[in-house]
Amino acid sequence: MTCENHTRITEFVLLGFTNNPDMQISLFILFLAIYSVTLLGNFLIVTVTSVDPALQTPMYFFLRNLSLLEVCFTLVMVPKMLVDLVSTRKVISFVGCGTQMYFFFFFGSSECFLLSMMAYDRFVAICNPLRYSVIMNRSLCLHMAIGSWMSGVPVSMLQTAWMMALPFCGPNSVDHFFCDGPPVLKLVTEDTTTYEMQALASTLLFIMFPFSLILVSYIRIIGTILRMPSATGRQKAFSTCSSHLIVVSLFYGTASLTYLRPKSNQSPESKKLVSLSYTVITPMLNPIIYSLRNNEVKGAVKRTFTRKVLKKLDAL
């Protein structure tokens with residue numbers, strides 16, 4: 001269907017969170033602080049896992065990729081959201097909306113597959129420790145990381161191209177803080193059943209498939225841990241997986257509420273809060289979770305800062 005007798009939309013209005021100026025300033029300060037912590041925390045993880053000799057292992061290689069993904073993921077939405085909170089005209093062009101949607105799907109899908117690669121890494125480390133260094137060699141890790149990043153290309157191209165080809169001839173107000181699929185879909189001026197079926201199929205393939213890999217890996221991991229004779233060994237093995245489990249639960253738990261039900265009866269405010277959790281809050285929490293629950297990362301951070309302080313003292 002084309003926009004006969006109607007003008008096709010050339011821009012969207014992002015309604016965001018509120019029209020109250022005082023509330024907008026408060027939210028701007030809050031989200032700016034969260035975004036600053038997100039960037040600082042993830043860049044810190046990238047730095048320490050790159051320079052510290054003790055962290056040159058597959059687990060920290062994947063953690064470094066996860067932090068880079070989180071930086072890119074938040075970069076797609078948060079800067080625009082911050083600008084809109086202090087602007088009177090909260091608009092985004094049709095092309096800009098499609099671009100934002102593309103990279104949102106791209107980095108989101110890539111993160112799903114990267115989390116599954118991290119689960120596989122933990123599976124090999126715990127279930128086959130004697131062959132860990134042989135199996136998880138540098139070449140395999142590099143290919144797994146590249147594959148995870150590139151896995152976002154098919155779903156993002158398919159979802160975005162199909163979505164933006166639909167007719168948008170009526171209202172242009174998106175009741176959200178960025179161009180997400182479900183709220184933009186509501187503005188389409190024709191029946192969207194076919195697209196919804198395609199979107200659900202893509203979601204099941206590109207989100208639930210890696211989740212299934214994670215689930216299978218942890219079923220095997222838990223079985224191996226329970227068979228360990230030593231309580232200390234069981235505790236140590238579980239501690240290496242706990243951070244990843246928390247991150248997976250946060251990411252998949254909130255994302256599934258949105259993308260497994262593209263047109264659910266949730267209120268727009270509830271959907272915005274759910275979206276906030278995996279687009280803004282989770283990327284901030286990930287480096288905190290891995291830092292607080294991992295003695296190796298905490299030790300690497302201390303060593304990195306100590307070296308920098310000593311270098312400055314020597315320079316003086």
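The following exercises, each with a worked solution, concern a predicted model.

Local features need pLDDT of at least 70 and side-chain atom pairs count only at pLDDT 80 or more, while totals for chains, interfaces and linings use all residues. Residues are numbered from 1 along each chain as its sequence is written, and side-chain values use heavy atoms, with hydrogens and water left out.

**Exercise 1. Classify the ring pair Phe 73 and Phe 104, and state where its members lie.**

Step 1. Rings of Phe, Tyr and Trp (its six-membered ring) pair if their centres lie within 6.5 Å; planes under 30 degrees apart count as stacked, over 60 as edge-to-face and the rest as tilted. The structure holds 21 aromatic pairs.

Step 2. The centres of Phe 73 and Phe 104 are 5.4 Å apart and the planes are at 20°, so this pair is stacked.

Step 3. Helices are DSSP runs (H or I, at least four residues), numbered from the N terminus. Phe 73 belongs to helix α2 (residues 58-85) and Phe 104 to helix α3 (residues 94-127); the pair, 31 residues apart, links distant parts of the chain.

Step 4. Buried means under 20% relative accessible area, exposed over 50%, and partly exposed in between (1.4 Å probe, protein chains only). Phe 73 is buried at 1% relative accessibility, and Phe 104 is buried at 4%.

**Exercise 2. Which residues do ring pairs link into a cluster with Phe 73 and Phe 104?**

The cluster joins these two to Phe 17, Phe 31, Phe 105, Phe 177, Phe 178 and Tyr 278.

**Exercise 3. Describe the packing of α6 against α8 and against α5.**

Step 1. Axes are lines fitted to C-alpha atoms, for helices over the stretch in contact, and angles run from 0 to 180 degrees between N-to-C directions. Angles under 35 degrees count as roughly parallel, over 145 as roughly antiparallel, 65 to 115 as roughly perpendicular and the rest as oblique.

Step 2. Helix α6 (residues 152-165) and helix α8 (residues 193-226) have axes that come within 11 Å and cross at roughly 170°. This makes α6 roughly antiparallel to α8.

Step 3. Contact means heavy atoms within 4.5 Å. On the α6 side the contact includes Leu 158 and Trp 162, and on the α8 side it includes Tyr 195 and Phe 206.

Step 4. Ala, Val, Leu, Ile, Met, Phe, Trp, Tyr, Cys and Pro count as nonpolar, Asp, Glu, Lys and Arg as charged, and the others, Gly among them, as polar. The α6 and α8 contact residues are 8 nonpolar, 4 polar and no charged.

Step 5. For helix α5 (residues 138-150) and α6, the axes come within 5 Å and cross at roughly 5°, so these two are roughly parallel.

Step 6. Ser 148, Trp 149 and Met 150 of α5 meet Gly 152, Val 153 and Pro 154 of α6. The residues of this contact comprise 4 nonpolar, 2 polar and no charged.

**Exercise 4. Is Thr 38 buried or exposed, and what does it contact?**

Step 1. Thr 38 lies in helix α1 (residues 21-51). At 1% relative accessibility, Thr 38 counts as buried.

Step 2. Neighbours within four places in sequence aside, Thr 38 is in contact with Thr 74, Val 280, Pro 283 and Met 284.
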